[in-house]
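Dear colleague,

Here is the structure that I promised to pass on to you.

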Amino acid sequence: MLFSCSDYLDVNQSPDDPTSASVTPDLSLAAAQSDSYRNLTRRMNEYGNVFMNNWGANVNSFTGGYAEEFGITLSNNFYDDIWDGVYRSTGLYSRIINHPSSGYDNHKAIAKICKAFYFQYLVDLYGDVPYSEAHQGVNSVTPAYDDDKAIYRDLVVQLEDAISMIENAPATAKTVGAEDVILGGDMNGWVKFANTLKLRILLRQSELTDTETTTYLAGEFAELSSASFVDQDVTINPGYSSGSDSRQNPWMNLMVELKKDSNGNFVERNAFRFRRASAYIAGQLNSTSDGRRTRLFKPVSGSNITGVIQGDQSALNGGGTAPAAISSLGPGLVIDNAQDGYMMLKAESLLLQAEAVHKGYLAGDAQALFDEAINASFTQLGATGAAAYITSINGAIGKGYGAAGATPDQQLEAIFYQKSIALNGINGAEIFIEYTRARKNGNPLIDENIPMPLNSVTPTGNKPRRLMYPISEYASNSANVPVQTISDAYNTAPFWFE
């Protein structure tokens, strides 16, 4: 099968099946990028936003929704499609990287970067995963599980290798063009993306204090001292349109029908009608007069948003206390069938840099980076009032970096908080992983500010640190998949938490 921009979603083959050498990297890159992104914007986004207490349920119109999430009843079936989708889609990048044809240095470098992007999430969500033996087809149908720390270290190697491939590509290397539906063949942009991804991978480990890790991080951060990082939103758009369901932006395809009504308004799907603002996030955004709140959620009246407590029931007939009208997802998230998807925001890049400066890994002005990140987030969401918000929020401990009397931990919490708002509804997995990382030191601001759903029961009283391996692994790779109990999801974590 040949891939082009017109059939970017037409991926029907297992990543473990060999393909014809005639399907060259330029023909399959768009399909690989688009297929993998679908997982990020849909189930991974939902998982993180629910567990971050950003989203509640429209309990006035639906019953029984998010029962597992609000009860926090984990199992091997809980969000198992994240594993199945992400692991499968990374195989598409392996095909490109291992393709026998020469002259595709830039295409293969892009594939390395994208594969590292998604494998980081596999490690962050599961810990040990198949890596070195993954995607080898009949040569390794039951791949061994690799140590998560070893995978993390190799991801950095792969990113550095990709940068070297780009910077030293021979003159005969084929030019990347429209088949790159993320950066359109901007190879300098891919170097910035790789540097920023490396920065994120290193910072994820920065709470570890053992000598080996601190020495390793010092050396790797030194290599980033003069690096360029993402300085614009990294988007993906292979030609999203209202031409057909398969060509819609996958997030919008989940939210709304393909065709608008006779008045030009979206026809909402149940997925949109069900998701509502939580009372927790409504309180956070309203209390700080955050101008982004009316872009993230639609106000019921005025400029404040109205949320529902996770696990609450309808006050009308369910014996609960939910308000009669609850804010839906807003116009900064649900825009158009053809809207861009987001791989990484400029705001996230700036906040990663702010954290690195704050911790002394990079030189720079953490306050300036922090403020610039908020500006970038307002711009991305189409919100107004950034300047006033920055002035106000920098007086709030735990939310503004420049708050008087803030401790270094509270300044770090402000960075985490602003990241959670900037990525709200856009990349829920990233902010929940960051929340998990932040909890490592037991910071009460982080542990107590995000409440548990009503009537939830967990072995530790907290949210899980990882997902469980899915049934599909126990069925097809039983000799290698680690034995895991439900309590392990709460008491064990990826190596960077230990």
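This is a predicted model: local features need pLDDT of at least 70, side-chain atom pairs count only at pLDDT 80 or more; totals for chains, interfaces and linings use all residues.

Residues are numbered from 1 along each chain as its sequence is written, and side-chain values use heavy atoms, with hydrogens and water left out.

A search of the whole structure finds 26 salt bridges (a side-chain nitrogen of Lys or Arg within 4 Å of a carboxyl oxygen of Asp or Glu). One of them joins Arg-43 and Asp-81, whose closest N and O atoms are 2.8 Å apart. Because Arg-43 lies in helix α2 and Asp-81 in helix α4 (residues 80-97), this pair ties together parts that are 38 residues apart in sequence (helices being DSSP runs of H or I with at least four residues, and strands runs of E with at least two, numbered from the N terminus). Arg-43 is partly exposed at 29% relative accessible area, and Asp-81 is partly exposed at 31% (buried means under 20%, exposed over 50%, and partly exposed in between, with a 1.4 Å probe and protein chains only).

Glu-430 and Arg-204 also meet in a salt bridge, at 2.8 Å from N to O. Glu-430 lies in helix α17 and Arg-204 in helix α7, so the pair ties together parts that are 226 residues apart in sequence. Glu-430 is buried, with a relative accessible area of 0%, and Arg-204 is likewise buried, at 0%. Both belong to a network of linked salt bridges, which includes Asp-124, Arg-200 and Glu-434.

Glu-46 is found in helix α2 (residues 43-51) and counts as buried at 9% relative accessibility. Leaving aside residues up to four places away in sequence, Glu-46 touches Trp-55, Tyr-66, Tyr-79 and Arg-275 (contact means heavy atoms within 4.5 Å).

Finally, the lining of the second largest pocket divides into 13 nonpolar, six polar and four charged residues (Ala, Val, Leu, Ile, Met, Phe, Trp, Tyr, Cys and Pro count as nonpolar, Asp, Glu, Lys and Arg as charged, and the others, Gly among them, as polar). The largest share of that lining, six residues, comes from α16.

Best wishes
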